[in-house]
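Biologist: Please show me how to read this model, one feature at a time.

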Amino acid sequence: MQAAGGRVLIDGPVGGDVLAASGQVELGPTARIAGTLRYRSGDTLRQDPAAQVLGGAVQMADRPDVQHGRPMHHREGPGWHGGPSWPWTRGLVLLAAVLLAATGI
């Protein structure tokens, strides 16, 4: 589940992870989160003692361009999600050349 707003109140069951960005994140007494709660907020998490978060709660950096302590453009993995982009560029140029040659333009 993803939620954003001035105030995010979770007071019911969530079957997986939660990502919340808000000025204030609050867990009510009937909140039951089966996964991890990751939240970005300038305020501390307000959690009712009866609320349950099985995967724990993690406060992320308050800056939108940083996630998990690293700039977002430095995520692992090839292609559009970071990593070396020159193989993609080379592949696209090669594909364009093949298409131009095939059409006779």
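Modeller: Gladly; let's begin with one residue. S22 counts as buried because its relative accessibility is 9%; buried means under 20% relative accessible area, exposed over 50%, and partly exposed in between (1.4 Å probe, protein chains only). Keep in mind that this is a predicted model, where local features need pLDDT of at least 70, side-chain atom pairs count only at pLDDT 80 or more, and totals for chains, interfaces and linings use all residues. Residues are numbered from 1 along each chain as its sequence is written, and side-chain values use heavy atoms, with hydrogens and water left out.

Biologist: Where is S22 found, and which residues does S22 touch?

Modeller: S22 sits in strand β3; strands (E, at least two residues) and helices (H or I, at least four) are DSSP runs numbered from the N terminus. A contact means heavy atoms within 4.5 Å. Not counting residues up to four places away in sequence, S22 touches G5, G6, R7, V8, R40, S41 and G42.

Biologist: What does the side chain of S22 reach at 2.8 Å?

Modeller: That is a question about polar contacts: pairs of N or O atoms within 3.5 Å, where within protein one must be able to donate a hydrogen and the other to accept it, and residues adjacent in sequence count only if both atoms are side-chain atoms. Here the S22 side chain reaches the backbone oxygen of Q24 at 2.8 Å. A polar atom of that S22 side chain also lies 3.3 Å from the backbone nitrogen of V8.

Biologist: Is Q24 buried or exposed?

Modeller: Q24 is buried, because its relative accessible area is 15%. Q24 also lies in strand β3, and, leaving aside neighbours within four places in sequence, Q24 is in contact with G6, R7, V8, S41, D43 and R46.

Biologist: Which residues have the most contacts inside the largest nonpolar core?

Modeller: A nonpolar core is a set of buried Ala, Val, Leu, Ile, Met, Phe, Trp, Tyr and Cys residues joined through side-chain atoms within 4.5 Å. The largest one here has 14 residues, and I10, V18, L27, I33 and L37 have the most contacts inside it. The elements giving two or more residues to this core are β1 (2-10), β3 (18-27) and β5 (37-40), and the largest share, four residues, comes from β3. Take V18: beyond its neighbours within four places in sequence, V18 contacts M1, I10, I33, T36, L37 and R38.

Biologist: How many salt bridges are there?

Modeller: The rule asks for a side-chain nitrogen of Lys or Arg within 4 Å of a carboxyl oxygen of Asp or Glu, and the count by this rule is two. In one, the side chains of R7 and E26 meet at 2.7 Å, N to O. This pair links distant parts of the chain, with R7 in strand β1 and E26 in strand β3, 19 residues apart. R7 counts as partly exposed because its relative accessibility is 48%, and E26 is partly exposed too, at 22%. In another, R46 and D43 meet at 3.3 Å, N to O.

Biologist: Which residue has a C-alpha atom separated by 5.7 Å from that of E26?

Modeller: That is Q47, 21 residues from E26 along the chain. Q47 lies in strand β6 (residues 46-47) and is partly exposed, because its relative accessible area is 40%. A polar atom of the Q47 side chain lies 3.4 Å from the backbone oxygen of A51. Q47 touches L27 and V53, not counting residues up to four places away in sequence.

Biologist: Which element holds L92?

Modeller: L92 belongs to helix α1 (residues 86-103). L92 is partly exposed, because its relative accessible area is 48%.
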